[in-house]
Amino acid sequence: MERHPGTAPPINDEAQIEEMLIETVLGVGTCEAHHGELLQGMFYNNNGDITRGLVTLPCPIFHTTAKFLPTPQPELHVLPSKIAKRKAARAAELTLEFTQRQGSGGLLFLGNDSPEGWGLGSSTTDVVSTIRAVADAFSISLSSDEVARIAVKAEVASDSIMYADAVLFAQREGYVIESYDRELPPMEIVGFNTDPTFAGIDTLLHPPANYSWDEIEAFRPLRGLLKRGIFDQDPNLIGKVATESARLNQKFLPKPRFADILQLGEEIGAVGVQVAHSGSVVGIIFDPVDNQLTRKMAKAVAALRQLGFPACHRFRVGAI
Amino acid sequence: MVTRVVHNSPIEASLLPTFIRLAKNLVAATFGFMKLIPATFILEQAEKDERLKAGKIIETTSGPFGLALAIVAAQRNYSLTLLCPKGVDPAILEQMANLGAKVEVLLDQQECIDQIQARRSKDRELFWPSQYHNPQNSGSYAGVAEAILEAMGNVDCLIGAVGSGGSLCGTGKYLRLVGQDLRVVAVDAMGSVLFGKSSVPGRLPGMGNGVMPTTLEHRMVDEVHWVTSSEALCAARRLHKFHGMCMGTSSGAAFLASSWWASKNPDKTAVVFFPDHSSRLFTSLFCKETLQAADLWLDELPSEPKEISHPREESNRWSRLEWARRSLNSWELAREASE
Ligand SMILES: Cc1ncc(COP(=O)(O)O)c(C=O)c1O
């Protein structure tokens with residue numbers, strides 16, 4: 001085998017090989033996709049400063065599974081490719097650093113089952129599953145806060161999919177502005193992609209929304225109602241928050257046929273409409289205990305077809 | 001997880017209301033001193049936009065807003081000049097002066113405004129909060145709407161006394177972002193011009209106005225109540241009697257209107273603003289002799305408002321009008337007056 005400068009010398013010592021074999025455990029990490037946000041804007045943190053924040057809507061029908069096989073050589077090999085999975089590769093390196101294994105490399109395999117080009121947050125999903133896989137390979141358990149910090153470092157801005165409980169998350173700084181100590185209430189969602197050609201926003205290139213003072217203030221009532229909605233586990237309140245957040249952000253990343261979608265939601269008796277604030281998916285939110293649920297969802301799918309959105313998916317969040 | 005916190009200043013501690021249930025479907029949002037909210041917000045925004053670099057502020061006031069500005073300005077070392085029209089309670093002028101504000105008493109509100117304009121044309125760095133025309137007055141109430149929604153979810157009705165209209169219209173606007181059906185009920189002073197009556201001098205401070213502020217958005221308002229000074233005082237004593245709360249006269253007036261509204265709408269939830277304690281503005285609600293001498297004492301309150309169908313309809317007692325989100329112009333007050 002050809003030797004490159006910087007690679008580890010061949011291992012001869014039997015004890016060393018043995019140690020390596022013991023340590024070589026395949027780490028596995030998974031992470032569900034998300035479907036944009038229920039709320040995104042600017043919020044007051046505990047110090048009274050204003051910071052960008054969001055509340056992620058998970059999309060549990062799609063996942064990334066990452067597998068990481070550590071090797072004593074410092075190179076990192078990524079499948080499908082390092083170019084396609086640039087942020088995940090960076091996340092693997094950062095996790096190795098964080099766990100004080102700077103010198104190690106490995107093989108990182110990523111399997112993402114979400115449909116390509118839908119902007120279902122596949123980069124954070126890849127990044128989080130990668131961090132989990134690398135940590136798992138060394139039997140290290142990282143807290144959600146630690147995962148969040150590494151994720152933000154790896155991709156500049158990340159959603160809050162690593163948290164099990166609902167949180168208001170500072171996506172560019174990687175900390176929780178407010179934790180709600182419980183999951184989102186159960187919600188049924190009919191989702192669709194408003195722009196199949198949209199590949200998601202490159203956070204590095206797209207300037208963040210520039211909110212005026214009154215837009216920033218308008219996020220405060222939404223945050224208040226969100227908190228009440230999570231506390232009461234009431235999807236109706238969450239739906240109102242999501243709809244208004246979508247409305248306030250429409251001018252920054254417009255969704256096609258937005259007014260029609262809002263009207264559709266109202267007419268069929270959905271609880272609200274949510275959007276991906278840096279993607280192209282939109283979801284119509286329903287209350288799962290509504291006894292007209294199936295009929296309403298069917299109506300939504302038919303009406304969306306009329307609006308020019310032929311393909312819908314259905315998913316559910318929250319415990320039943 | 002939310003833990004209890006220690007506030008860094010009495011101002012910070014006053015920026016959010018405490019919610020107190022007065023009846024099954026009526027909740028009071030009580031404030032330590034509500035005007036600290038717009039005063040703080042307007043100054044902070046001016047700091048952010050670098051409109052306060054010179055640190056000099058001027059405002060005209062006859063009461064609470066000037067006092068609130070004086071409190072915030074003192075904490076932040078700003079130089080504050082307050083121009084007050086004649087007739088402002090001397091105890092308030094003393095409080096303003098005690099906080100380091102330069103207080104000047106002028107003839108009337110118009111002279112105060114002329115003076116501000118003259119001084120600002122000479123000194124461009126003089127910052128004028130202008131509570132009656134600054135959208136950041138109403139804009140400052142987002143945190144109040146947040147607190148209401150967090151504590152109660154959506155409510156059906158918001159009731160409050162109006163001076164600039166900032167608190168009622170600001171909070172109402174933010175609440176309606178997530179609940180378009182919210183009913184907004186304004187409580188005005190008899191003899192105030194805010195909802196189309198003609199001006200009568202000698203109103204109690206706080207509630208009502210002798211000039212028309214642009215911060216009052218008439219088209220947000222569903223219903224208006226007018227309350228006389230003696231009724232407001234009596235209602236404030238009733239609030240004390242029933243709930244042990246010693247709030248100001250505008251709280252009293254709002255209590256009167258909101259108790260009536262809540263009893264008429266048992267299936268709806270209402271929030272009413274109590275902006276200030278009685279200690280701040282009036283020597284006492286309970287100085288019976290003084291109040292009797294001024295013809296401001298009442299023993300009993302009417303149980304119902306008098307229903308009127310036009311702002312100019314004569315009435316010298318608590319009255320109610322279905323305003324129906326109309327503009328002020330739509331009532332054709334000028335024509336009405338000339339007929
Ligand atoms: C003490 C006090 N503060 C505030 C207000 C309400 O003021 P605004 O309408 O200017 O928000 C009143 C009103 O009636 C008041 O009496």
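**Note on the predicted two-chain model**

1. Chain A exposes about 14,500 Å², and carbon and sulfur atoms supply 52% of that area (Shrake-Rupley method, 1.4 Å probe; for residues, only the protein chains shown count as cover). This is a predicted model, in which local features need pLDDT of at least 70 and side-chain atom pairs count only at pLDDT 80 or more, while totals for chains, interfaces and linings use all residues. Residues are numbered from 1 along each chain as its sequence is written, chains are lettered from A and ligands numbered from 1 in the order in which they are written, and side-chain values use heavy atoms, with hydrogens and water left out.

2. Chain A contains 8 helices and 10 strands (DSSP runs, numbered from the N terminus: helices are H or I with at least four residues, strands E with at least two). Of its 320 residues, 52% count as buried (under 20% relative accessible area; exposed is over 50%, partly exposed in between; 1.4 Å probe, protein chains only). Among contacts in chain A with a separation of 6 or more, 73% join residues 24 or more positions apart (contact: heavy atoms within 4.5 Å).

3. A:Leu26 is in the loop between helix H1 (14–23) and strand E1 (27–44), and is partly exposed at a relative accessible area of 40%.

4. The contact takes 20 residues from chain A and 22 residues from chain B.

5. The interface holds 2 salt bridges (a side-chain nitrogen of Lys or Arg within 4 Å of a carboxyl oxygen of Asp or Glu). The side chains of A:Lys227 and B:Glu150 form a salt bridge at 3.2 Å, N to O.

6. A:Arg223 lies in helix H5 (residues 213–231) of chain A and is buried, at 11% relative accessibility. Beyond its neighbours within four places in sequence, the contacts of A:Arg223 include A:Glu178, A:Tyr180 and B:Glu146.

7. In chain B, 10 of the 13 residues of helix H2 are buried, so this helix is largely enclosed by the rest of the structure. Just after H2(B), B:Glu50 takes a positive phi of about 60°.
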